[in-house]
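Please have your viewer ready.

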Amino acid sequence: MEQVETMQAVAIPVEKHKSKSLWQHAFESLMRDRYAVVSMSVIAIYAFIALLTAFGFIAADWAKEVGPSYAAPSWDYIFGTDIFGRSVLAKTLKGAEVAISVGLVTAIIAVIIGVFLGAIAGYFGGKIDECIVWFYTTFSSIPYIMLLVAISFILGKGLIAVYLALGFTSWENLCRIIRAEVMRHKDREYVQAAKALGGGDMRRLFKHIIPNVLHLVIINFSLTFQTAIKSEVILSYLGLGVQGRPSWGTMIDDAKLELARGVWWQLAAATAAMFVVVLAFNILGDALRDALDPKLKGKS
Amino acid sequence: MSEKLLEVKDLVVQFRTDRGKVTAVNGVNFELYKGQTLGIVGESGSGKSVTALSVMRLIPNPPGIIAKGEILFRGQNLLNLPLDEMRKIRGNKIAMIFQEPMTSLNPVFTVGNQIEEVFALHQKEFSKAERRNQGIELLKMVGIPSPERRFLEYPHQMSGGMRQRVMIAMSLACRPDILIADEPSTALDVTIQAQILELMKKLQSELGMAIIMITHDLGVVAETCDNVAVMYCGQMVEKADIKTVFSRPRHPYTKGLLESIPSYDSTKNREKGRLPTIEGMVPSLLELPTGCSFQDRCNFVTEDCRGRKGTPQLESLLQGHEVSCFNPIVV
Amino acid sequence: MNIYVYAFRRILYVIPVLLGVCLIIFVLFNLVSPDPTLMMLGKHANLKQMQELRHELGLDRSYFIQYLDIVKSAFTFDFGRSWSTKQEIIEMIKNGAGPSLTVTVPAFLVALIISLIVALFVAFYRGSWFDRIAVLICVALMSIPSLAYILFAQKILAYDLGLFEISGYEQGFPNFIPYVALPCIIWIVLSIGPDVRFYRTVILDEVYMDYVRTARAKGLSETVILFKHVLKNAMIPIITWVVIAIPFLILGALLLESFFGIPGLGGITLNAINSADFPVVRAMTVLSAVAYIVFSVITDVLYTLVDPRVRLK
């Protein structure tokens, strides 16, 4: 019949316009942003370096004395040496390991706690919601540094303590955001539809709603990552940081005694290394927000 | 023939996107006469809103730019005016109302304050008391009960229909020559839609302004317009008075639109069951086919349409009836 | 509902939060924290000495009493005595508040003015190279840890160039200025990045709203649109942001005070942390939490006054 013929005639052009999913769209949009691509490359490089040092392929000899104490940067020692004559370049590279792992683990912990509590609060409402809101309100009322210090006190020193302390203090913001978004989605039509089709609460929550709030998690992840890197510095200053291996935080902290003697290179190296990766995260975070949050289109 | 108020010639409007330059309006021409209502009809993305915004020079730049053309208001090219001169015309000689009454008013100022603002801007000789009185009169004119009370209210205290009435009142404050209405009733309930359109017709007969009615709804066009221009992918494909367009459409797209209107009239000669549609989808403006933009969806497509003769242009078939097609429907 | 009822209800809600905060503080500092007597007496302490000290410090009372103590202190501000200096903590707070405020208050005001002006400019010229560079600068400023700023500034501006005092403090105006100027500047630099970003986002949120298009269609100029229509809407979240920042001025900047020798609350807190002086750390935490809670109530009530959509009769 006429309709079938014309259907065939237009079959091919219609194929061409298969609509892309939101994620594909976002990904493509992200790839088109030069600054986002550069930032992601920078972060990838840092992550790669961290992996290399973790397995000992480079800077494995960071603890070795390579020159005189406090040698200034020169062709022999590119970033100079520290008080023990160790290469600052090696320490800086090794420090990437701590930074990346701290950022990653903290962000993961924060995401797990924040998304879980936020989703449950937003979805089930009622008493559960009130409890969780009360919980993160009380947490937010305590200044960040105090909480960090208190938790660190309890957990002692060391890397695991740093992970936990930073992780437990970074989830509130995400929790609040996820809760609000889940509440907004709860009453949307597609959830009612899923309800009508059967399927329990948890299934609805995880299969339908959470994918729709994932973009907020991604945006928040980059923010948490860089805040964690910066906070590690404060923990090191308070003596609660990483022991036994170099971190940018301890290098900056050591600098407070060195500067008076004119030794600036450890501070410069650590600050510069941190600056580049945190800046990259900031730029990436902005680009992610532009790509993933449809409401913010046109505001970059 | 009444006075020609507006003449748009060869209007081309482009937008810079991260995927390249998009031509949203590609060579549009039309005229508007005093007291006339011109409807511009099309699907989303056809370029009808962009055309309307161009008349007011409200196209955001970046990313949009009016690349070519002339917009002659009473003979004067609006595109050449310095911005401060253009601002004297906006809200004053040419006014516009928009689709979303819920968000088109500033939530932190009273409705009265926002109406007075128009007077303060364009009719500076009014005193504060006169602005207030005139404002209340305007609210009365658009059919808002208890206007004195409403004048002091905030937008969130009003329903969508009432807010749209306020928008209409604001736009007519200075008795403009032209009112551009971009889908004024689309966001409202069906019963309120009818009321708003009624109101606009009444005000037109009282105040005598010309109206450009942008809509995707042919029903609205039938209700309110004298002439109609049908747009597709940035171009006008058919232009005529409504009687002609509704009874003797010549462009296949117009015909498809008319046929797809659901009807309660069982005497219409159509198959029961499926609602007729225009097959296929509107092509992306970034990937328009060579030749006629409608070729992939057209039931009357020929080889000429695929680029051999270039892109079709608007041609006068009969007095007052223009079609842009290489194979217009024979009537 | 009128505003007094709302305020009252809001304050009522504060109570469980306050109890919760005290609970967290109790858990952290009284329950799971390491035994301070060991730290204070050293490794060679015997059991009797430890028991005596525990009694003296009130650590042998029941947990419930200890918790109630904390709650009481939130209302009476009677925090007991410092373990290290033996001073009454409330006295220490009174003495320390002044110096802290001489740094934070001027810094806060200056940062607010600069950030608002920059944000308004950036919003007016949105999308231009000015906008992009400004955002980049803000982001760059935010990418340097505070400790690095302090060390750089102290070494170069104070020590090498001698423009400011390296550390120390003198009471009374204008004597404290050379001591307070540099920490002030550092605080401002630390605040401008996030502040400008926030104000810019808030203002741009409004700039793309439909009512701005309506205002333009009425014939208003861009300047009037920004300063009348947009600003009045943007002020709502900005005011709440500014008000909630106020309680943080009280605690002072821990690191700044420590490095620049300002005898303010921040320095007191840091010393207490380093010497495991729990009552002081507890007191500072309670004080900040109470201040934060009070100001969040103020913020909420203020919001109802400023936003006509939620205004109460």
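**Ground rules**

This is a predicted model, in which local features need pLDDT of at least 70, side-chain atom pairs count only at pLDDT 80 or more, and totals for chains, interfaces and linings use all residues. Residues are numbered from 1 along each chain as its sequence is written, while chains are lettered from A and ligands numbered from 1 in the order in which they are written.

**Chains B and C**

Let us begin with the secondary structure, where helices (H or I, at least four residues) and strands (E, at least two) are DSSP runs, numbered from the N terminus. Chain C has 13 helices and zero strands. Chain B, for its part, has ten helices and twelve strands.

A residue is buried if 20 or more other C-beta atoms lie within 10 Å of its own, exposed if 12 or fewer, and partly exposed in between, with C-beta atoms placed from the backbone. Two residues are in contact if those backbone-placed C-beta atoms lie within 7 Å.

How does the radius of gyration of chain B agree with that of a compact globule? A compact globule with 331 residues would have a radius near 20 Å, and chain B has 21 Å, which agrees. The radius is taken over C-alpha atoms, and the globule rule is 2.2 Å times the number of residues to the power 0.38.

**A helix pair in chain C**

In chain C, helix α5 (residues 89-124) and helix α8 (residues 177-207) have axes that come within 7 Å and cross at roughly 35°. Such axes are lines fitted to C-alpha atoms, for helices over the stretch in contact, and angles run from 0 to 180 degrees between N-to-C directions. The crossing of α5(C) past α8(C) is right-handed, a term for a near helix turned clockwise from the far one by less than a right angle, with anticlockwise giving a left-handed one. Sorted by class, the contact of α5(C) with α8(C) holds 22 nonpolar, four polar and two charged residues. Here Ala, Val, Leu, Ile, Met, Phe, Trp, Tyr, Cys and Pro count as nonpolar, Asp, Glu, Lys and Arg as charged, and the others, Gly among them, as polar.

**Where chain A meets chain C**

Between these two chains, 31 residues of chain A are in contact with 30 residues of chain C. On the chain A side, the elements that give two or more residues are α5 (126-141), α6 (144-155), α10 (201-237), α11 (248-258) and α12 (265-292). Helix α12(A) gives the largest share of that side, eight residues. By class, the chain A side divides into 22 nonpolar, six polar and three charged residues.

**The largest nonpolar core**

A nonpolar core is a set of buried Ala, Val, Leu, Ile, Met, Phe, Trp, Tyr and Cys residues joined through C-beta atoms within 7 Å. The largest one has 248 residues, of which Ala169(B), Ile178(B), Ile180(B) and Ile212(B) touch the most other members. Helix α4 (residues 88-124) of chain A supplies the largest share of this core, 18 residues. Leaving out residues up to four places away in sequence, Ile178(B) touches partners including Leu5(B), Leu32(B), Ile94(B) and Met209(B).

Trp62(A) sits in the loop between α3 (34-54) and α4 of chain A. Is Trp62(A) buried or exposed? Trp62(A) is buried because 20 other C-beta atoms lie within 10 Å. Beyond its neighbours within four places in sequence, its contacts include Arg86(A), Lys94(A) and Pro246(A).

Glu238(B) lies in strand β10 of chain B and counts as buried, with 28 C-beta neighbours inside 10 Å. Among the residues that Glu238(B) touches, not counting those up to four places away in sequence, are Arg250(B), His251(B) and Glu322(B).

Cys233(B), in the loop between β9 (227-232) and β10 (235-241) of chain B, has a positive phi of about 50° although it is not a glycine. With 24 C-beta neighbours inside 10 Å, Cys233(B) counts as buried.
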